[in-house]
Amino acid sequence: MAALLRKSGKEATVMVPNDYPAFLKWMPGSEGVIIFRNNEEKARELILSVDLIFCLDYNALNRTENMEDDLRKATGNKILIDHHLEPVLADFDYYFSVVQVSSTSELVYRFAEGCSWLDFIDQEVATGLFVGIMTDTGSFSFSCNYPETFRITSLLIQTGINPEQIHRNVYDTYSENRLRLLGYCLSDKLTILKEFSTAYIALSKDELNRFHYQVGDTEGIVNYALSIEGIKIAVFLTERKDRIRLSFRSKGDLSVNRIAREHFNGGGHKNAAGGDSFNTLEVTVDKLKEILVQYKEEIDRS
């Protein structure tokens, strides 16, 4: 989006609440990203001075952590482009929210179409959009049942990008520590709750530190738990500095978005959602088990 805006003659800066995974830092434009947590004064000044704020891939200002207060004070119009369920539309001045699409990247492409900006979609822009579609669909294995997703993907490839190299850049650059952490999760930490068709993995800060955890090292681990035959819900819990982060996945019609939203201050998609707990890891695991009791009939029916 930032590259599109620049090519249309606008000034644009990318800002994120906190650091993002190393396996994305090869992407064009990543060197100019402002991380709010690392440079609050500069970030705050920018938020309060700009004319437009594009809010991408989140649907409520409370999802932006420490940026929330400044975003609410900002005088620039806030434009939402997002595909998650139940957006808080009152937080934004304008919105382009479609939950039936693969990714926010797909909506950015359609936004460019609507602005007659397709000529600006060169390899730089196409690379970013392709990564967004590829990662949000698990390399085109879910959330991609619509022909439009493949139409847009085809047009991006026609710009000359290399999908195989992009895939390798994202998925084939694991550190040794990340791979050993994955092995530990599967061999030592995977817990199966057969009566609820649920699997979960819970990691403490000490366990993360043992494997020299870096942002992004736990990405995708929850999907291994969901891949077990007979498992309908998978949960990955990690202890952070001030909270427990929960990542939910489900199969079929089971809505983990509802569990995340109603019980863990979160949200997302029907089959993929996230949330937070401000209790200890042990208390959070116990709470999760109690919640599953409430959903047992729904789990059994699915």
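What follows is a short tour of the rings, a pocket and the cysteines in this predicted model.

## Rings that meet

Let's start with the aromatics: there are 7 aromatic pairs here. Phe111 is buried, at 19% relative accessible area. Both rings also belong to a cluster, linked through ring pairs with Trp117 and Phe120.

Then there's Phe248 with Phe264: the ring centres are 5.8 Å apart and the planes sit at 40°, so this pair counts as tilted. Phe248 lies in strand β9 (residues 244-250), while Phe264 is in the loop between α11 (256-263) and β10 (267-268). Phe248 is buried, at 0% relative accessibility, and Phe264 is buried at 0% too.

## A pocket and its lining

The second largest pocket has a volume of about 160 Å³. Its lining includes Phe23, Tyr174, Arg178 and His212. By class, the lining splits into 5 nonpolar, 5 polar and 2 charged residues.

Two of those names turn up again: the charged end of Arg178 sits over the ring of Tyr174, 3.7 Å from its centre. Elsewhere, Lys25 has its charged end over the ring of Tyr20, 5.2 Å from the centre.

How many disulfides does the structure hold? The count is 0. Take Cys115: the closest cysteine sulfur, in Cys55, is 16 Å from its own, which is too far for a bond. Cys115 is partly exposed, at 32% relative accessible area, whereas Cys144 is buried, at 9%.

Conventions
Residues are numbered from 1 along each chain as its sequence is written. This is a predicted model: local features need pLDDT of at least 70, side-chain atom pairs count only at pLDDT 80 or more; totals for chains, interfaces and linings use all residues. Side-chain values use heavy atoms; hydrogens and water are left out. A disulfide is a pair of cysteine sulfur atoms within 2.5 Å. Buried means under 20% relative accessible area, exposed over 50%, partly exposed in between (1.4 Å probe, protein chains only). On a 1 Å grid over the protein atoms alone, a cavity is a set of points where a 1.4 Å probe fits but cannot get out, and a pocket is an open set with protein on both sides within 12 Å along at least five of seven lines; lining residues have an atom within 4 Å of a point. Grid points are joined across faces, edges and corners, and a volume is the space filled by probe spheres set on the points. Ala, Val, Leu, Ile, Met, Phe, Trp, Tyr, Cys and Pro count as nonpolar, Asp, Glu, Lys and Arg as charged, and the others, Gly among them, as polar. Rings of Phe, Tyr and Trp (its six-membered ring) pair if their centres lie within 6.5 Å; planes under 30 degrees apart count as stacked, over 60 as edge-to-face and the rest as tilted. Helices (H or I, at least four residues) and strands (E, at least two) are DSSP runs, numbered from the N terminus. A charge sits over a ring if NZ of Lys or CZ of Arg is within 6 Å of the ring centre and within 35 degrees of the ring normal.
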